[in-house]
Every structure is written in C-alpha cells, then in structure tokens.
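Could you look through this one with me? I've jotted down a few points to check against the picture.

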Amino acid sequence: MVTIYGAVHLCTAFRAMIMEGDRVIMSVKFKEMLYGGDYNPEQWPREIWQKDMELFNKAGINSATINVFSWAKIQPSEEMYDFSELDDIVDMLTREGKQIVLATSTAALPAWMVKRYPEVARTDYEGRRHKFGQRHNACPNSPVYRHFSRELAARLAERYGSNENVVCWHVNNEYGGECYCENCEKAFRVWLRKKYKTIEALNQAWNLAFWGHTIYDWDEIVLPNALSEGLEGDKTAFAGISIDYMRFNSDSILNNFKAERDAIRQYDKDTPVTTNLMGTFKGLDYFKWAKEMDIVSWDNYPSYDTPWSRTAMSHDLMRGLKDAPFMLMEQTPSQQNWQPYNSLKRPGQMRAQSYQTIAHGADTIQFFQLRRSVGGCEKFHGAVIEHAGSENTRVFREISQLGEELRKAGGTISGSRNKARVGIMFDWDNYWALEYTSGPNKDLMYVDQIFRFYEYFYNKNIAVDMIPVDADLGKYDLVAAPVLYMVKEGVAEALEEYVAAGGTLVTGVMSGIVDQSDNVHLGGYPGPLRKLAGIWAEEIDALAPEQSNEIVFKDGLRGQCNMLCDIIHLEGAKDIAQYGSDFYAGTPAVTENNFGKGCTCYVGTVLSEEALGRVLELMCDRAKITPVIEEETRLEVTKRVTDKEDLYFVINFKDEELPLPKVFGGKKNLLTGSVLTEGEMLKKYDVRIVCCPK
Ligand SMILES: [Zn+2]
C-alpha cells in the first residue's frame, strides 16, 4: 500500500514523501507521461520553429528538453547574459502547452571562459592540459567553473522556476570523465585527509610499504595517472589509490551537480531536479548520486547487437538506484551516430524498446533528438524530424503511433511499481576494484559477470531488483552477489543476518577477497564470507580463452567452466558439483552451505550458461522463486502494479511468432481496449499490455 504525505502539488509535477510500508521514498509524479526529447531550436532559424510545433502536435509530443548546450548563447561573455532567445523558446513551448524539461547548459564550456581561464579545462590521464573543444570538458574542481555554473543555474531558476510548464530541471548532461590537473590534485589531498585523518592511516590503507612508497607529508600525494601509478591498459600499481581516486572524482563531479541543484532550489523549491545517467557507466557511483537526485533519468543507447536482456538489466539498475520509477531521458528514434555500425531500428523496434523501458520502470519516453542537426558530429543521429523535414517518414509515423498510445495508456501506467523477490548486488566500488586489480585473469569484466546471473532470471521471466550492497535484504528470498570481490565494512554481517533468517545467497569466485582499500582479507578466501559459505579457497587458477575445465554434478550431468577456478576445501558445506579434469579434478567446484535457516551457494568458477542455469534453478527451487507467470514462454513478460491492477507487459523480441500465454486470454489489452484471445500470435516486436484488476 502506497501512502502519500505532504505532496507539493503543482500544475504538472510534484515531489512527494511517499511511504511504502514503513519505508520512506521521495518520488516524482508527472501529470501525464512525458513524451518528447532534446530540442535545440537555437540551432535553427525561427521560421522553422512554428513548423516544429505543428509536427510535434501531429506526433503527440507533449514535452521538450531545451537549453542543453546553450551556454555560449545565453552567456556570450563573462559580464553579459542574454536570455532573449531562450525566453522566446520557453514562451512558444508554454503557449503550445508543452511540458518543459529545462537543462542548465553547463556540460560544454563557452570558448571565452577557456580563453580567459585556462584552468577550467581538464587535464587528461596523460597529463595534457586540454584546449577549448568538445563537451564534458570542465575540471570538476575548478573554482571558476563552479562559480559560473552555479551562477547560471541560479539565473535560470530565478527566471523560469515559476513557469508551471517547467516540470523538471535537467542539470548538465551525461556527467562523466576525469581530470588530473593541479586543482584536482590539491582537492584529492583534502578529500583524503578528511577520509583518513592521519598519514599513518593512509599509508596503511594503500599498503604503501609495498615498493617503498611510504609517504610522510600530504603534499607527497599525486594523482594516479599515466605519469605516476598507471600500468599498461587500465591497470594500476596501487589499486587502493586508483579506487580512492575514482571515489574522489565521482564525489567531485557530484559536488558540481549539488552546487547547481542547490542554486536552483534558492528560487524554485518544488520542481524535480535530475541529471541524465548512463546505465552501467563505470565512472560515477550512481547509487551515491541517486541519493542527491529527486528522480533518476537515463539515456538508453543499445547497439545493434546488444541483447535485450542486457538492456533490461540496465533499466532494472536505473530503477534500483532509488527503488522507484525513472525517466528515460534519451533514446534514438532510429539511428545513432557514434557506434561503429549505426543500424536503423527495424519497423516496430523503437516501439517495442520503449515499452520494454516502461515495463522495467520508466514513467517517461524521451528522444534524442526532436530535430536532426545540420552539422557537427551528431548530424547522423536520428530524430523525430529528419533532414527531409517531413512528417512523411517511417520514423515519424511510428513516433506518432506511440504518442497516441501513450496519451491513452500513460495515466494508468505512471507511478506503478515493479516488485521482485530476487535481488542482484551491483556496486561501483567492486566495479572499479575488480577491473583495476592486476591478475588473475585480464578478461574478467565486472558488468559481464553480473549480467551472466541476470540473464538467467530474465530468460525465465523472473523479476529482479538490482540492489546496492547496503540494501534492505529482508525484502528478497534470493540474493545473488557475483564477484563480490570487495567486502566492505558491515556487508558480511548483513549477509549473515539475511541468510540466518532464511535467505538464499548465491556468491562465488572472486568474492570476499579484499577490504574497502583493496587489501586482502587474510586467512583464506572468501575472507569474511568464509563462515557463510562453509568453504575456503586455497588457490585461484586462471584459464586462457582457449582453455576450459569440466564440472560434474552429483547426478552425473556434466557442464563446462572457464576463466577462473577456485581450488576449494569444504568446511561445513557440501558440494553440488566437482571439477572434471586437471590436477584438481574431483575437488568441489560448486557448493551449498546451510547457515541458520537459510543457505549459501558458492559457485567457485565461471560456469557455462547451461551449468550456471542448473545451479540457479536449484537455488530458485529452494527459495521458492517463481516467474511473473507460471506458463513457460519465450516472450518477455514483466509486471508493474498499481493499487487497483496488475499490468503485464508482454513483448516479443524473438525472430519467430510466439503465442500469447493462455493466462492472458480474455483479459483487456490496455493499448487497444480490446479483449485478448487465448493463444493469439505475437510477431517480432509486437507488444500487449495486459490489464488485470485486483
Ligand atoms: Zn581538474
């Protein structure tokens, strides 16, 4: 049951304290589902603008994201601001009844600023100070950048914050990147001093006795880049330093976001503030970021060969950041420009992708971009209005159809919630640590390993929440923590409490190895998880791509494994499967251990998809995990729930026609209002939203 307290109602959006059980969540609800995207009229002569409005109305576009890259226009010099053109754009959209997502324009520096204050530009990993150019080019610790970006956000909020059509603030754009300049180096020392208090604690945390790197003064600390601790590839001589740098860099950029957000709040207390994230992007600790955002928004750009399951995982992660519905801030209507092969979306694909996004928790569908630019590197990036300038295009027709559907169905869907009994842990500290570490196998990539587990549940239509390591685990019957390499303070205790109370935990190879500073938990792997798993691992073998091992289940079934093999000793656990070859043939590869009322399964190697499926099936049976619907189907079936009804999103991403599951026969299709027939066939990219009143 969801209860809303003290909601600040505006014409078009509100932020509210929402209670779910005894849990407080801040949430955002828009009056209608936003359907629009990035719009850059400042790049066009005014006679085009009115034509745009006509086309937007035809396509059912009800919102526009503006002012994303206009800094040089609205502040042509240090002393001068000129909002006259932006005033006209805001007035036009307001007259047309469009909801406005207003960006702050601070993601690309104006040329005059770099010329006058070269320190605002970034210094890269190789130590090169950049000149004016590109975007995402500001040093996050530049006082000059901080001053001008905050000032601009404040002026925008003062000018437009009371406009009821402004329904969301969009700070900066796709934050990311690193800076290794002197300002950042000084700020890093301050950040470290706050964290470690004493030089001794720092020396110990980074294990600086190694290679005689002991320091005696804070000023001896340098940033870990190619000129200092950087090794070949993305590796580093001191992962502890590099992980702290990533934390510091994420915090530095987050401080930029907070500075703009707080500047906006001086003049506009209510309108939600967001910035567009990028799924499993490595550079920023999004769980930490989400705490500072009113609503999560993100940009979804799968490649032509990205599995739909992988996109689903990114959506679930973005929903998991606040455990709340999110905004889809950007997707392309058809083509991208920055990938190696920028295929067109096939007919129906954009619609299916949009509904998948909604199914996994989105409350808006927005595009990049509404009109395709004439020049610059994004001129080949798709748009609602293509270079032909016409409504007579396949893309425009598909967008219009979706716009019409969302106008009718959006109200029912918005604000509904996804529920899951399976949680998969995702953690940026682990992401950085696992990929910085030198050895044992260079091919081990964090997101790939998480995805291997996620994919099993996706293929079975089992709902999953992507959760942080400090999540409330009591909500879940099964928690998977693959490659939980870094076990930070309190995490092992929380997992023990969870399993003791009856939970099922699946973890395994490259877990429990280091602490928050990347120093090994001594006494045998998996360190603090050893008691929980009832095993210890003595060595970790690394297999090259052309090598594999075999695993043999208790019933004689065999499977493949590769990449890494823990050599395991049982100390309370029993084995589910053993290695089939090499000098450790016959030793445990997969184990389970009863702990309190629950169980821990330890997967000591990287199993083939089939073998991993077998293990996860056993654990799902044990935890009584069931799919969204009982009937087996190759369709994607996802559920969102409201107080009144269950909404099932049924999408065909396969190359063949598939029948609608029987359970949906006779139910209402929210998209057409018509009654569904048992066994009706769904072609590739067909979608049904099945409405089941409670
Ligand atoms: Zn810097």
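Here are my notes, point by point.

1. Before you start: this is a predicted model, where local features need pLDDT of at least 70 and side-chain atom pairs count only at pLDDT 80 or more, while totals for chains, interfaces and linings use all residues. Residues are numbered from 1 along each chain as its sequence is written, and side-chain values use heavy atoms, with hydrogens and water left out.

2. Let's begin with the zinc ion. Its protein donors (N, O and S atoms within 2.8 Å of the metal, or 3.2 Å for Na, K and Ca; water is not among the atoms, so sites may look incomplete) are the SG atoms of Cys139, Cys179, Cys181 and Cys184, 2.2 to 2.3 Å away. Along the sequence their spacing reads C-x39-C-x1-C-x2-C.

3. What is the arrangement of the four donor atoms around the zinc ion? They subtend angles of 100 to 117 degrees, so it is tetrahedral (four donors, all angles between 85 and 135 degrees).

4. Two of these cysteines are tucked away: cysteine 181 is buried at 3% relative accessible area, and cysteine 184 is buried at 1%. Buried means under 20% relative accessible area, exposed over 50%, partly exposed in between (1.4 Å probe, protein chains only).

5. Now look for charges over rings (NZ of Lys or CZ of Arg within 6 Å of the ring centre and within 35 degrees of the ring normal). Lysine 282 has its charged end over the ring of tyrosine 436, 5.8 Å from the centre. For arginine 614 the ring belongs to phenylalanine 553, with 4.6 Å to its centre.

Note on methods
Tetrahedral: all angles 85-135°; square planar, octahedral: opposite > 155°, others 65-115°.
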